[in-house]
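Please read this report with the model open beside it.

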Amino acid sequence: MTTVTYRPSTPLPVIAESDVIVVGGGPGGLGAAVMAARAGARVTLMERYGLLGGMASIGEVHPFMRNHAGAECLDRPVYLEWIRAMGRYLPPAEQDAYIAGAGGSSRMISKELAALAAEDLCLEAGVRLLYHHAFADVLQSNGRIAAGIFLSKSGLVAARATLWVDATGDGDVAARAGSPFEKGGPSGYCQPMTLCFKLSGVDKNRTPPPAERHQLFLAAKAEGRIHCPRENVLQFEWFEPDIVHFNTTRVVQKDATNGVELSDAEIEGRRQLREILAWLRRDVPGYEQARLHSMAHHIGVRESRRILGQAYLTRDDFLRCAKFPDGIARVSYPIDIHNPLGGGTEILHVPEGDFYEIPYGCIVPQGCNNLLIAGRPISVDHAVHSSMRVMPPAISVGQAAGVAAALAAQTGRKPAELEGTVIRSRLKAMGAWL
Ligand SMILES: Cc1cc2nc3c(=O)[nH]c(=O)nc-3n(C[C@H](O)[C@H](O)[C@H](O)COP(=O)(O)OP(=O)(O)OC[C@H]3O[C@@H](n4cnc5c(N)ncnc54)[C@H](O)[C@@H]3O)c2cc1C
């Protein structure tokens with residue numbers, strides 16, 4: 001690749017100074033920002049787009065997966081508060097059932113309500129929101145982030161914080177700060193990306209049962225009318241009865257942290273969408289009049305960097321439902337690996353009613369002394385990542401990063417010097433179920 005040398009020497013305006021800056025406003029960033037603010041820190045959340053929610057909004061991901069032990073929801077308080085805040089925007093007759101969650105099962109997501117409700121929680125907690133600021137780089141000094149560099153409509157700007165929380169989903173901040181990371185599984189590739197979309201105008205009185213639809217899907221693939229490596233059609237019901245949500249496109253062997261490959265993945269995801277829409281209208285009863293209701297503004301990224309930390313959790317820890325004195329989040333969601341190379345999905349459950357714990361060290365990155373990781377890109381292997389990545393536990397991981405960042409900023413200690421058992425106790429006192 002040819003290169004050019006770009007060394008801007010002009011001073012950059014410092015547009016934010018805080019105890020804690022959270023970069024990224026998805027589920028992990030939401031948990032981190034709200035809990036850091038409640039723990040007494042001055043918090044700024046910087047997000048590249050104009051809304052919060054991450055994959056729940058820009059990625060049109062739906063629904064929230066169930067992460068329970070028996071009837072107990074493992075993700076509190078921020079996940080349940082987000083649900084309650086979303087519920088308040090529903091028509092009055094639907095609110096109670098949504099908030100109660102039909103016995104605590106998976107819950108439906110409207111991307112608009114996810115964004116509105118996340119903003120409500122942050123503003124209520126006193127978080128300063130800075131939208132349209134994309135993280136680009138760090139300035140470092142003595143193993144610490146001295147300033148973050150962001151790109152906005154104002155050009156390049158800087159921000160300063162005592163503690164930083166990387167909630168970009170991809171570990172962008174940690175990677176620029178020099179923390180080591182892993183990517184992918186045994187094949188060397190990450191889980192595939194998926195462009196989610198919804199169709200309206202579906203006559204569900206006439207749609208075939210899943211087994212019949214599956215045969216029609218396989219036939220269209222065999223005839224070369226669908227080029228999608230996914231093994232079946234993954235779809236979900238939504239709030240409105242004529243709308244169906246599709247999590248069916250599968251874009252393999254692309255790296256979401258490579259700008260060109262990410263762009264190519266968007267194009268490939270939408271190419272598959274066009275084929276699936278044409279197939280449904282032509283072959284599947286009930287879909288003849290279907291319309292494209294909505295689609296993700298950003299292709300769904302399941303996996304990219306996993307930032308190596310003070311601790312590391314493996315498939316063996318998942319299998320033995322490992323528990324730790326400094327466990328900061330609990331996960332019962334299965335290993336759920338969409339084949340990075342093509343068709344097939346591995347699902348492996350923990351025993352009913354049990355869970356494993358994520359120790360504090362998994363969110364404390366190596367190589368940087370004033371940084372914590374929130375959300376999915378933590379120090380776990382490919383298999384554990386496939387389990388803890390779903391949104392409810394990603395929020396819980398973020399909560400711990402927020403509480404630890406606030407404590408580190410208030411005490412002048414490095415995250416690696418904090419005792420994980422203290423973070424766990426503080427989380428419990430603030431409403432976590434640990
Ligand atoms: C296709 C697909 C289907 C899924 N299905 C489900 C499901 O059914 N249920 C479920 O619970 N989970 C599901 N998941 C998993 C879940 O959505 C994600 O793992 C989860 O959202 C991770 O949260 P996060 O906060 O770590 O990252 P994200 O949700 O990705 O949020 C990251 C945030 O950081 C921002 N950001 C990124 N880079 C920068 C930057 N450089 N500067 C500033 N801001 C930045 C982004 O805009 C975004 O707002 C699915 C994921 C995918 C991709």
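The notes below run from the overall division of the chain down to single residues.

This is a predicted model, in which local features need pLDDT of at least 70 and side-chain atom pairs count only at pLDDT 80 or more, while totals for chains, interfaces and linings use all residues. Residues are numbered from 1 along each chain as its sequence is written.

**Domains.** The chain splits into domain 1 (14-184 + 303-429) and domain 2 (197-295). These bounds come from an automatic or database domain assignment. Over C-alpha atoms, the centres of domain 1 and domain 2 are 29 Å apart. Contact here means C-beta atoms, placed from the backbone, within 7 Å. By that test, 14 residues of domain 1 touch 14 residues of domain 2. On the side of domain 1 that touches domain 2, there are four nonpolar, seven polar and three charged residues. Ala, Val, Leu, Ile, Met, Phe, Trp, Tyr, Cys and Pro count as nonpolar, Asp, Glu, Lys and Arg as charged, and the others, Gly among them, as polar.

Helices (H or I, at least four residues) and strands (E, at least two) are DSSP runs, numbered from the N terminus.

**G24.** G24 sits in the loop between β1 (14-23) and α1. A residue is buried if 20 or more other C-beta atoms lie within 10 Å of its own. G24 has 30 such neighbours, so it counts as buried. Leaving aside neighbours within four places in sequence, its contacts are G29, E47, G54, A167, T168 and G169.

**Core.** A nonpolar core is a set of buried Ala, Val, Leu, Ile, Met, Phe, Trp, Tyr and Cys residues joined through C-beta atoms within 7 Å. The largest has 124 residues, of which V20, A36 and A405 touch the most other members. α10 supplies the largest share, 13 residues. Both domain 1 and domain 2 give residues to this core, so it lies between them.

β6 and β7 (residues 144-152) pair in the antiparallel sense over seven bridges; pairing needs at least two bridges found by DSSP. Q140 stands opposite I145 in β7.

Technical notes:
A residue is buried if 20 or more other C-beta atoms lie within 10 Å of its own, exposed if 12 or fewer, and partly exposed in between; C-beta atoms are placed from the backbone. Two residues are in contact if their C-beta atoms, placed from the backbone, lie within 7 Å.
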